[in-house]
Amino acid sequence: MTTAPKQLLDPGFELTLRPMRYPDFYDRYRDAIKNTWTVEEVDLHSDVADLAKLSEGERHLLGRLVAFFATGDSIVANNLVLTLYKHINSPEARLYLSRQLFEEAVHVQFYLTLLDTYLPDPDDRAAAFDAVENIPSIREKARFCFRWMDSVETIDALRTREDRRRFLLNLICFAACIEGLFFYGAFAYVYWFRSRGLLHGLATGTNWVFRDESMHMDFAFSVVDTVRAEEPDLFDEEMGRQVTAMLEQAVEAELQFARDLCGDGLPGMNTDSMRQYLECVADQRLARLGLPARYGSGNPFGFMELQNVQELTNFFERRVSAYQVAVEGSVSFDDDF
Amino acid sequence: MTNPASADPELDEPGTALLRVLTDSSADLPEVDPGRVAAAALRGRHPGSDFAELRSLAVEAAAALIAEDPQYSRLAARLLAREIADEAVGEGAVCFAASIAVGHREGLIGDGTAAFVARHADLLDALVETPAGELSGDDRFEYFGLRTVQSRYLLRHPVTRRVIETPQHFLLRVACGLAVGDSAESVAEVAELYRLMSRLEYLPSSPTLFNSGTRHPQMSSCYLLDSPLDELDSIYQRYAQIARLSKHAGGIGLSYSRIRSRGSLIRGTNGRSNGIVPFLRTLDSSVAAVNQGGRRKGAACVYLETWHADIEEFLELRDSTGEEARRTHNLNLAHWIPDEFMRRVEADTDWSLFSPADVPELVDLWGADFDAAYTKAERSGKAVRSIPARTLYARMMRTLAQTGNGWMTFKDAANRAANQTALPGRTIHSSNLCTEILEVTDDSETAVCNLGSVNLAAHLRSTGPLDSSDPAGPADAIDPADAIDWERLDATVRTAVTFLDRVVDINYYPTPEAAASNARWRPVGLGVMGLQDVLFRLRLDFDSPGARRLSTLIAERIMLAAYETSCDLAARLGRHTAYGETRAALGQLHPDHFPATAHHWADRWNDLRARVATTGLRNSLLLAIAPTATIASIAGVYECIEPQVSNLFKRETLSGEFLQVNPYLVADLKARGRWNAATRDALREAGGSAQEIPGLPADLRSLYRTAWEIPQRALIDLAAARMPYLDQSQSLNLFMASPTIGKLSSMYAYAWKQGLKTTYYLRSRPATRIAQAAAAAAPATAAVPTPEEQALACSLENPESCEACQ
C-alpha cells in the first residue's frame, strides 16, 4: 500500500482514477479519440501527378521535407515512451500519453506511406531514412532533439528539484521546439505547396497531423501549467532564460534547414520569410509559457492565415474527415433540431 | 497614398512595372492599397523573377487580403485575367476565332463547331469585344470564380499545357458547341446563350462547360443505372458501363438492390453467396481507377433498399475502422427507403430483412403494391431475419453522423409524384450522385440528365447593393415578390431550357443504354443558385415566412416558364417519344400531386394545362436543384438553395485555396464603421459566426446566422414548400454541429412526414475544439494558427457537393 502522490511529478506508478485528480487530462484523452483517422483515408492519387510538375528546386525541398517527416515523429514517440510516460505520474495523463503514442504511430505510418508513394526507388527510400545521419541540415535538427533526450536519460525518478527542472526542460523542448516549431516549420512548406494547388494528399494528411500535434503541444503545456501550480519555485527566471535560449537554438536549427530547402529562394518561399515565420511562432510559444517575446516578428505567410478559416471541399477531390466518431443517444421524434 | 515599394532601393524594372499595373488596376477600388500588394509580392520573389512571376505573386498577395476587404478579390481577378489573356495570346488565341482554330488544329475542338465558328468569325469575334463604357465579361468575375475557370475549365494545349482560350472565349465556345443550323437565327441564339453566361445569369453544368464544342461532347451530369441483375455476367457488365460513363465525367447513381444477400444459395455452384460487399468493393476500385479525363476521379453513389439483408454491412462501408476488405472509401451510399419502414419505426415494431433472390418482385414495386408484397413475403416466412425497426433506424442515424453518408431518400414519395411512373412496372430505382435526379431505369435504359442553374441573384430588379440607410428599409418597403424581375427570369428559363433540350441531341452517349433512354424521355434538370444572396439582399431571414413565400414563388415561376418552353419546343420539334407513357399525357402535372397547393399564377397554370393537352411536352422532366458547388463559385454566389455555411470560410479546390468572406455582412459592418481588425478577429475566433460581433444589431445578427445556427426545420419546410414545383428533386444538405441519435431521428422523421423525396449529406462539425490558450497570450500581429483555429480549418472538409452535377 503506497500513499497517493501529492504532486504530478512525484515518482511512482499511481493507479487510482477515482476520485480523479486531473480530470482535464482525462477529457483530453476522450477528445483525442473523437479525432481518429487512418492513413487509408488519405488520398495521394493527385500527388503523384503533381510530382512531375515540380521544378528542380521544389523537388529538392520536397525530398528533404519528406526525409525529415520520416524520422521526426519517431523521435517524438521515443521521447514519449522513454521520458514522459515514465515521469508524469497520473493514470489519466498516462491514458492521454498512450493515445498520443498511437497518434504518433499513425503519423509515422502516414509519412512512411507518403515516402513509399513519392519515392518509387528503394535506394531513395533507404536514403531518406538515413537522412538523420547523411543530410547535415536534418542531422542538426536530430542532434538538437537528442541533446534534450540525453539530458534526462540517466534520471530514473524525479527526486530532486534539479531532476524536475531537467524534466521540465525536456518536456518544453518537445512541446515548444520540436512539435511546436520544427513541425510547424514543416507544415508551412506543405501549405505553401497547397496554396499553389499542389500536393493535396500531403496537405490532407498534414491537416490531420497538424490537428493532432496541436493537441499534443497543448497537453504538454497544460502539464507544465499543472507542475508550475504545484511547485511554483521550479520554473524560475533562470529557467525562463534557458527556455528562451533553447527556442533560439531551435530557430537556428530550423533556419539552417530552411537554407538547405529554399536555396536561393522559390516563388513565395525563401529563407527570409521562413525566418520571420519561425520567429513569430517562437514568440507564440514563449507567450504561452508566460515569457516575453524574443523577436517581435509577424507572420509573413498569407497561406498560413488561411489555416484559420473553415473550408469547403468538393467531394470529388478530397475525402470527408471532419465527422464525429462518437455519437450518442437513442431514437426519438420530438428532439429539437 | 504612399507606398512602401516605391521607397525600396531594390525596386527594379519588373518591380516598377508591377506597381504601375497594380495602381492602374485598382483605380476604382478605394479600399485597395496597391503598395501593400506590391510589397507582399516582392517579398516572395527570388533571383530571376520576371514581371509575369511578380504578377502571379501579386495575385496571391491580393487574394490573401480578401478577408480584409472584398475589393481585393476584384484586384486579384483583374490581374489573373491579364495573366490568362497573355498566356492565351502566347498560344495564338488572339481572338475567339483564332482560339477555336488553335483548338481544332490541336485535335480538341470538334469539326462542326470549328466550321460554324469559321463561317461566322466576324460576328462571333464581335460578341466578346467589350463596347467602351461597359463592364467587360471578365470583370464580372470574383477571384474565386476566375481561378476556378482558369484551373479547370479553359482548354489547354495538349503539349505545352498552356491555356488556348480566355474565359470569354471559353463561354462562347460552350455556346457555339450547342449551335444548330447555320442561319442568322443560329448565331442569334448562340449570342443570347453567351450573353446569359457572360453575365453569369445562367450557367450550364460542368460537363457541358468542360465538353461543349469538343470532339467528345459528353455534356450530361448524371447517369442513373438500375441494379445489375442477380447474376455474375450482369454485375460485370455494369462495371464496364460505369467505367465508360465515368471516363467522360458523368456522376453515377446505381442501385444494388437486386443482388442476393450474404448466405443466399447459388444454385450453379451449390455454394453460398458472399453478398453485395465484395462486389461493391470491386466497384469502389473501378470507380477510383477511372480518371475523368485527367480532371478527377470518378464518383458514384450506391442505393440500397432498406429491406436488403446486407443493410448492416452496407452501413459500415465507409467506416474508417475495421477490415479494409469490407470498406469502400470512394463510394457514396444512400438508402432507398419505403414508407413502410418509416411507419414501423414510428410504431416501434419489427422490420424484416430479405434476400432479393427470395423476393425479386419488391425492387420494382412501390406504394400500396410494395406494402402488400412486403407483408405477404413476411407472412410466408421468406425473411432472412428481422430486427426492431428502430434499431436499424438508429444505426442509419449513427452512420450519417459519423460519415455524412448513407443519405436518406424515400422510394414511395419519389415514385408517387413522378411523371415517368404512369404505367405499371415503371419504377424509379434510385436517385443520382447528388440526390436531385429521379428517373426510371431498367436493365436496358440508363437514365441521363443534363443540368443547368439560374443565378437568382442576377434576377433581382435592383442589382446595386441595397442601401441600408434607406429610411423605408428595403425589407419593409418592398414586397419580396416584387423584388424579382419575373419577366427576365422567364426569358432566362426559356433560353436555358431550349439549350438543355438541345444537349439531348448533341450529347455524346458513352453507352447505348444511356442513348436509348434519353432519346425516349428527354429529361433535363433546370435548377437555381444564389437563393441565399437574394435573401441577404432583401434582408429576409432564411427561416422567415417571407423567405418561404419568395422561394416557393421562384420555384413556381421557373416551373411555369420551363413547361411553357417545353410546350413550345414540342410544337416546333415534336413531343418526346415516350410522352404517351407519362402522367402529363393523362392530364396530370406535377403540382397536381400536392392538392393543398395554391398557385400564385393560377391563370397561367390553366393556360399551360390547355397547351400541354394540345402540344404535349418535349421533355418528360424539367426541374432539379443540383448542388452547384463549382458553377456557383464561378458565378460568385452561394450554392443552390443552401444557407451560408459560415460568414468566413476557406474554399479549397484543385486550384489552391481561397478565402471567402460574406460580402453582405462586410457592407453592413462598413456602413456602421465596424469593419476593422478587431471585428475580423472576432469573426475568425467565432468560427465564422456573426452572433458575437459587437455593434451588430439584432436583426442583422439574425439575418447573418449560418446554416449551423438556423433551425433545420426551416430548411426542410422551405424544401417541402417548393416541392410541388420541382418535378424531380433537390440536393438538400442538413446541418447539425453536434448530432445525437435523438436529434437526427427526429429531423429525418420530420423530413419524411413533410413528404420530401430525397435528402443529401448530413453535415456535422469536428469533435475537438481545443482551448485557445496560445492565441490569447500571443501578440495581436501574430496570426499563426492556434490549435482551435486549426481545428476549424478542417471542420468543413465536407463534400460540399458534386461537380458532376454542376
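**A covered strand and its surroundings**

Strand 6 of chain B, residues 300–305, is mostly covered, with six of its six residues buried. Buried means that 20 or more other C-beta atoms lie within 10 Å of the residue's own; exposed means 12 or fewer, partly exposed lies in between, and C-beta atoms are placed from the backbone. Helices (H or I, at least four residues) and strands (E, at least two) are DSSP runs, numbered from the N terminus. This is a predicted model: local features need pLDDT of at least 70, side-chain atom pairs count only at pLDDT 80 or more, and totals for chains, interfaces and linings use all residues. Residues are numbered from 1 along each chain as its sequence is written, while chains are lettered from A and ligands numbered from 1 in the order in which they are written.

In a regular strand the side chains alternate between the two faces of the sheet. Both faces of strand 6 of chain B are covered. Ala300(B), Val302(B) and Leu304(B) are buried on one side. Cys301(B), Tyr303(B) and Glu305(B) are buried on the other.

Strand 6 of chain B has two parallel partners among the pairings described here: strand 3 (residues 251–255) of chain B, over four bridges, and strand 7 (residues 331–337) of chain B, over six bridges. Two strands pair if DSSP finds at least two bridges between them. Ala300(B) stands opposite Ile252(B) and opposite Leu331(B) in strand 7 of chain B.

What does Ala300(B) touch? Leaving out residues up to four places away in sequence, its contacts are Ile242(B), Ile252(B), Leu254(B), Leu283(B), Val287(B), Leu331(B), Asn332(B) and Leu433(B). A contact requires C-beta atoms, placed from the backbone, within 7 Å.

Ala300(B) also belongs to the largest nonpolar core, which has 244 residues. Such a core is a set of buried Ala, Val, Leu, Ile, Met, Phe, Trp, Tyr and Cys residues joined through C-beta atoms within 7 Å. Ala58(B), Ala62(B), Ala300(B), Leu526(B) and Ile558(B) touch the most other members. Helix 24 (residues 545–573) of chain B gives this core its largest share, 13 residues. A second, separate core has 94 residues, including Ala67(A) and Met304(A).

Chain B is divided into domain 1 (4–202), domain 2 (227–421) and domain 3 (451–503 + 525–629). These bounds come from an automatic or database domain assignment. The C-alpha centres of domains 1 and 2 of chain B lie 46 Å apart.

Now take helix 10 (residues 184–198) of chain B. At 1.5 Å a residue, its 15 residues should span 21 Å, and its end C-alpha atoms are 21 Å apart, which agrees. The expected span is 1.5 Å times one less than the number of residues. Its buried residues include Glu189(B), Leu193(B) and Met197(B). The buried residues pack against helix 7 (121–128), helix 9 (167–176), strand 1 (202–204) and helix 21 (486–506) of chain B. Leu200(B) follows helix 10 of chain B, with a positive phi near 60°.

Gly103(B) sits in helix 5 (residues 96–105) of chain B. Gly103(B) counts as buried because it has 28 C-beta neighbours inside 10 Å.

Chain A has twelve helices and one strand. Its C-alpha trace spans about 65 × 60 × 40 Å along the principal axes. Of its 337 residues, 50% count as buried.

Notes: Two residues are in contact if their C-beta atoms, placed from the backbone, lie within 7 Å.
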